[in-house]
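Here is a short note for your review. Please read the points with the model open.

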Amino acid sequence: MRKLIELYLKLFHIWMRFPEKLRYLLVGGYNTVVSYALYALFLYMSGNRYPQLALFASFLVSSVNSYWTQKIYVFGTKGNWKREYVRCLFSWGISYLMNMCLLQGFLWLGLNPYVAQFIALALVTINSYLMLKYIAFQN
């Protein structure tokens, strides 16, 4: 077990030498895949009838995972986790509203709800990075 911990710490230190934007891209990509997979699952479970509800459910479930991966593997903050989590929720809330509006707009244009959410997520990514960096995890 000790050797596993030592290996993890070595890899972690190497990881943290990568530029922050690259770490965000990789971790954010992982979080986006998790969020989209949850959205697709919830949408499928609703018989493709409630894309906004699927979006909300995926947001609730994926936000906890996203918080910890961003805190540890992107920004590496040691700040008060409760305060940071509240700031994350605020940041994600703004991103969520943008996502919700984009999703609805794409649905009105007649896009498939799976494709609509994929495009919306891609467009919201830059906003999410800026909000997390400058509001949630400010060093």
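**Pocket, core and one serine**

1. Four helices, α2 (20–45), α3 (51–75), α4 (81–108) and α5 (113–136), each give at least two residues to the lining of the largest pocket. Helices are DSSP runs of H or I, at least four residues, numbered from the N terminus. A pocket is an open set of points on a 1 Å grid where a 1.4 Å probe fits, with protein on both sides within 12 Å along at least five of seven lines; lining residues have an atom within 4 Å of a point.

2. This is a predicted model: local features need pLDDT of at least 70, side-chain atom pairs pLDDT 80 or more, while totals for chains, interfaces and linings use all residues. Residues are numbered from 1 along each chain, and side-chain values use heavy atoms, without hydrogens or water.

3. The volume of the largest pocket is about 470 Å³, counted as the space filled by probe spheres set on the points. Its lining has 24 residues; Thr32, Ser35, Trp92, Leu121 and Ser128 lie nearest the centre.

4. Trp92 also belongs to the largest nonpolar core, which has 22 residues, and is among those touching the most other members. Such a core joins buried Ala, Val, Leu, Ile, Met, Phe, Trp, Tyr and Cys residues through side-chain atoms within 4.5 Å. Helices α2, α3, α4 and α5 each give this core two or more residues.

5. Ser62 sits in α3. A polar atom of its side chain lies 2.7 Å from the backbone oxygen of Ser58.

Definitions and conventions:
Polar contact = N/O pair within 3.5 Å; in protein donor to acceptor, adjacent residues only side chain to side chain. Buried < 20%, exposed > 50% of the residue type's maximum accessible area, 1.4 Å probe, protein only.
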